[in-house]
Amino acid sequence: MSDVAFSAPLWRWQGDSGGSWHFVTLPADMAVEIRLRSMTSRRGFGSVRVEARIGGSVFRTSLFPMKSADSYLLPVKASVRRDEDLGEGDIADVGLTLLDV
């Protein structure tokens, strides 16, 4: 898949663990395309390996399906948030390349 880009707000997971996991949610139309293109290469829990770009930060991670939004979540590590000066509610400009497809 060629590179895709989108902008979305950064949000913090409010789970039982009390952790500080931060994510962006992919737009629904992009999620459909990724789901179709990754049908033969998904990993555990339906995750999809990607190379992500936010600002000058480039990192590898996985997208995770989020059934309630019919989309995928992109986890954003603390080091990326620090380097790009992003906090909860800030808009992240994201570029993605699917790996292993």
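This is a predicted model: local features need pLDDT of at least 70, side-chain atom pairs count only at pLDDT 80 or more; totals for chains, interfaces and linings use all residues.
Residues are numbered from 1 along each chain as its sequence is written, and side-chain values use heavy atoms, with hydrogens and water left out.

The secondary structure comes to two helices and seven strands, where helices (H or I, at least four residues) and strands (E, at least two) are DSSP runs numbered from the N terminus. Read along the sequence, these elements follow the pattern β-β-β-α-β-β-β-α-β. Of the 101 residues in the protein, 38% are buried; here buried means under 20% relative accessible area, exposed means over 50%, and partly exposed lies in between, computed with a 1.4 Å probe on protein chains only. Among contacts with a separation of 6 or more, 62% are between residues 24 or more positions apart, a contact being heavy atoms within 4.5 Å.

The largest nonpolar core has 24 residues, and those with the most contacts inside it are Leu26, Leu63, Leu74 and Leu96. Such a core is a set of buried Ala, Val, Leu, Ile, Met, Phe, Trp, Tyr and Cys residues joined through side-chain atoms within 4.5 Å. Two or more residues of this core come from each of strand E1 (4-9), helix H1 (28-37), strand E4 (48-54), strand E5 (57-66), strand E6 (71-75) and strand E7 (91-98).

The structure holds three aromatic pairs; rings of Phe, Tyr and Trp (its six-membered ring) pair if their centres lie within 6.5 Å, and planes under 30 degrees apart count as stacked, over 60 as edge-to-face and the rest as tilted. The pair of Trp11 and Phe23 is tilted, because the ring centres are 5.3 Å apart and the planes stand at 35°. Since Trp11 lies in strand E2 (residues 11-12) and Phe23 in strand E3 (residues 22-25), this pair ties together parts that are 12 residues apart in sequence. Phe23 counts as buried at 9% relative accessibility, whereas Trp11, at 22%, counts as partly exposed. The rings of Trp13 and Phe23 have their centres 6.4 Å apart and their planes at 70°, so this second pair is edge-to-face. Trp13 belongs to the loop between E2 and E3 and Phe23 to strand E3, so that the pair links parts of the chain 10 residues apart. Trp13 counts as partly exposed, at 40% relative accessibility. Turning to charge, side chains of opposite charge can pair when their charged atoms come close. The count comes to four salt bridges, each being a side-chain nitrogen of Lys or Arg within 4 Å of a carboxyl oxygen of Asp or Glu. In one of them, the side chains of Asp3 and Arg53 meet at 3.7 Å, N to O; Asp3 lies in the segment before E1 and Arg53 in strand E4, so the pair ties together parts that are 50 residues apart in sequence. Arg53 counts as partly exposed, at 23% relative accessibility. Glu88 forms a salt bridge with Arg12, the closest N and O atoms being 3.7 Å apart, and this pair links Glu88 in the loop between H2 and E7 to Arg12 in strand E2, 76 residues apart. Glu88 is partly exposed at 48% relative accessibility, and Arg12 is partly exposed at 29%. Glu51 forms a salt bridge with Arg60, with the closest N and O atoms 3.7 Å apart; Glu51 is partly exposed, with a relative accessible area of 23%, while Arg60 is exposed, at 53%.

Arg81, placed in helix H2 (residues 78-83), is buried yet has no salt bridge, the nearest side chain of opposite charge being Glu88, 8.8 Å away. In this count Lys and Arg are positive and Asp and Glu negative, while His and the chain ends are not counted. A polar atom of the Arg81 side chain lies 2.7 Å from the backbone oxygen of Val76. Leaving aside neighbours within four places in sequence, Arg81 is in contact with Leu10, Ser20, His22, Val76 and Leu86.

Note on methods
A polar contact is a pair of N or O atoms within 3.5 Å; within protein, one must be able to donate a hydrogen and the other to accept it, and residues adjacent in sequence count only if both atoms are side-chain atoms.
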